[in-house]
Amino acid sequence: MSVITESLGTATQMLAQGDERLLQTVWLSLQVSGTACLLGGLLGLAVGAALAITRFPGQRLVVGLVNTLLALPSVVVGLLVYLLLSRQGPLGDWGILFTPAAMVVAQSILVVPLVAALSRRLLLSALSEGGDQLRSLGAGGVTTALVLLVHERLAVLTLLLTAFGRAIAEVGAVMVVGGNIAGVTRVMTTTIALETSKGDLPLALALGLVLLAVVALLNAGVALLTLRGARQGVVGAEAMA
Amino acid sequence: MRAPPAQPLVTLHAAGAQFGNTVALAGVSLSLQRGDRLALVGANGSGKTTLLRLLHGLLPAAHASGARLAHALHPEGRAPVAAMVFQRPFLLNLPVHWNVQLGLWLHGVPAAERRARTQQALARVGLASLASRPARALSGGQQQRLALARAWALKPDILFLDEPTASLDPSAKREVEALMAAIVGEGVTLVFSTHNLGQAKRLATRVAYLEAGRLVVERPVREFFENPGLPEQAQQFLKGELPWTT
């Protein structure tokens, strides 16, 4: 018990003093997962919208596949991206293995099925409510999907937050494709894993606390937006301009 | 010498609609001229909404047949503009004025015109003071008026209304009906479904009675309500809806 309290005390001290190693790791994590969430989120929304508004042979199979990929283990994604980006791999010429870019690729792939599956559900529900009425106003399929995503922007934001949570909390993919190189590809989760194995619990705990705080802050942000949206109903209206 | 009859805005020749094994409409023929005000009456499930959707071109080709829809005809040298207001209008989680502007944007109205037309439309339905309010926070009657404003802003030649006052209280019903009357006063062709026969009498020039997906009879409003030679099914319907007349 004393080890835990002692570690917590040191962790709090590191946070309070703004330990450079700690801040660097946190900043890289936010950069990698934020970029992955943005790229994977956009691709996932496009896939989800396409699956919601189009009908094509084999669609059920594709939907089943996307739903199955929700349970995709991050370490498997890491392995696939490693094979693609390694020197002998088809994308080896890019030369990005063991760089933050490779970690972004891996995390983007990880969040695409999540965003695609959930946004497809969201859009199907919105389409059943207002799809015909938007079509009667002259909206085509793509426009309908875009308008409905704006209409459901708070749900989309929550969905992207979920994706960000999945990205920033995963360890397997970034460990494999990033290599956990100090100062280059070492992010919060890989540092926690490494420092725990080394017995440096304060840093691991401090990073764990930061990880929780980041997600808590994002949750609070979404809750505030939801509250504001419920009161005013104007959140995101500017996006229509 | 009499002028040749104007070309109709919409014609249906033995039109039908089918969903799987269910025949929702069959053998429906009718035409609409500019200024017509056609009320569709009939029991629930008789095909009123399907007919409105068919006329508006909302049914996929796989489900619809026999229709020459508004967009296919150019009776006045251009495709008629059609708009539809649904029983439960779908309003976006945006302020009132954005809901109107969105319709104009989707119709390709230039940005410079959108603001002015939105203001006009909202003033027309008495919602100008609520332009910045969230659309979904409006009352049922206000939401229906907003849906009418969104449709009216498009300057439609034909306006389709699917039971526009069905879920409204008497006061809101009167407001919406007054707006409908004002809109038709501008020469807009109106097709609306209703269970309110008084509304059909007040607003329509023609009444069509549907039963089980078939158009049983379609007559000028006066003949429909006063002519004893109505088909048996339509007479039964009127008796059921207006029991005090028997």
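# Close-up views of a predicted two-chain model

**View 1. Ala14(B) and its backbone angle.** Ala14(B) counts as exposed because 11 other C-beta atoms lie within 10 Å; a residue is called buried if 20 or more other C-beta atoms lie within 10 Å of its own, exposed if 12 or fewer, and partly exposed in between, with C-beta atoms placed from the backbone. Ala14(B) is found in strand 1 (residues 10-19) of chain B, where helices (H or I, at least four residues) and strands (E, at least two) are DSSP runs, numbered from the N terminus. Although Ala14(B) is not a glycine, it has a positive phi of about 45 degrees. The model is predicted, and local features need pLDDT of at least 70, side-chain atom pairs count only at pLDDT 80 or more, while totals for chains, interfaces and linings use all residues. Residues are numbered from 1 along each chain as its sequence is written, and chains are lettered from A and ligands numbered from 1 in the order in which they are written.

**View 2. Lys155(B) in a loop.** Lys155(B) has its place in the loop between helix 4 (140-152) and strand 6 (158-162) of chain B. Lys155(B) is not a glycine, yet it has a positive phi of about 55 degrees. Lys155(B) counts as partly exposed because it has 15 C-beta neighbours inside 10 Å.

**View 3. Chain B as a whole.** Chain B contains 8 helices and 9 strands, and buried residues make up 45% of its 246 residues. Among contacts in chain B between residues at least 6 apart in sequence, 67% join residues at least 24 apart; two residues are in contact if their C-beta atoms, placed from the backbone, lie within 7 Å. The average pLDDT of chain B is 87, and 88% of the residues score at least 70, where pLDDT is the predictor's confidence in each residue, from 0 to 100. For the complex, the predictor gives an ipTM of 0.84 and a pTM of 0.84.

**View 4. Helix 2 and helix 3 of chain B.** Helix 2 (residues 96-106) and helix 3 (residues 111-124) of chain B pack with their axes 9 Å apart, at an angle of about 125 degrees; axes are lines fitted to C-alpha atoms, for helices over the stretch in contact, and angles run from 0 to 180 degrees between N-to-C directions. This angle makes helix 2 of chain B oblique to helix 3 of chain B, since angles under 35 degrees count as roughly parallel, over 145 as roughly antiparallel, 65 to 115 as roughly perpendicular and the rest as oblique. The crossing of helix 2 and helix 3 of chain B is right-handed, a term used if the near helix is turned clockwise from the far one by less than a right angle, and left-handed if anticlockwise. Residues including Val96(B), Val100(B) and Leu104(B) in helix 2 of chain B meet residues of helix 3 of chain B, among them Arg117(B), Thr118(B) and Ala121(B).

**View 5. Arg133(B) and its surroundings.** Arg133(B) is found in the loop between helix 3 and helix 4 of chain B, and it counts as partly exposed because 18 other C-beta atoms lie within 10 Å. Not counting residues up to four places away in sequence, Arg133(B) touches Pro95(B), Val96(B) and Leu138(B). The C-alpha atoms of Arg133(B) and Trp98(B), which are 35 residues apart along the chain, are separated by 10.0 Å.

**View 6. Helix 2 and helix 6 of chain A.** The axes of helix 2 (residues 20-53) and helix 6 of chain A come within 10 Å and cross at roughly 120 degrees. That angle makes helix 2 of chain A oblique to helix 6 of chain A, and their crossing is right-handed. Leu45(A), Ala49(A), Ala52(A) and Ile53(A) in helix 2 of chain A meet Gly141(A), Thr144(A), Ala145(A) and Leu149(A) in helix 6 of chain A.

**View 7. Where chain A meets chain B.** In this view, 17 residues of chain A are in contact with 17 residues of chain B. Helix 5 and helix 6 (141-151) of chain A are the elements that give two or more residues to the side of chain A that touches chain B, and helix 5 of chain A gives the most, with 6 residues.

**View 8. The largest nonpolar core.** The largest nonpolar core has 132 residues, and those with the most contacts inside it are Ala106(A), Val177(A), Ala149(B) and Val191(B). Helix 5 (residues 100-136) of chain A gives the most to this core, with 18 residues. A nonpolar core is a set of buried Ala, Val, Leu, Ile, Met, Phe, Trp, Tyr and Cys residues joined through C-beta atoms within 7 Å. Leaving aside its neighbours within four places in sequence, Val191(B) is in contact with Leu32(B), Leu38(B), Leu40(B), Leu52(B), Leu55(B), Ile158(B) and Phe160(B).
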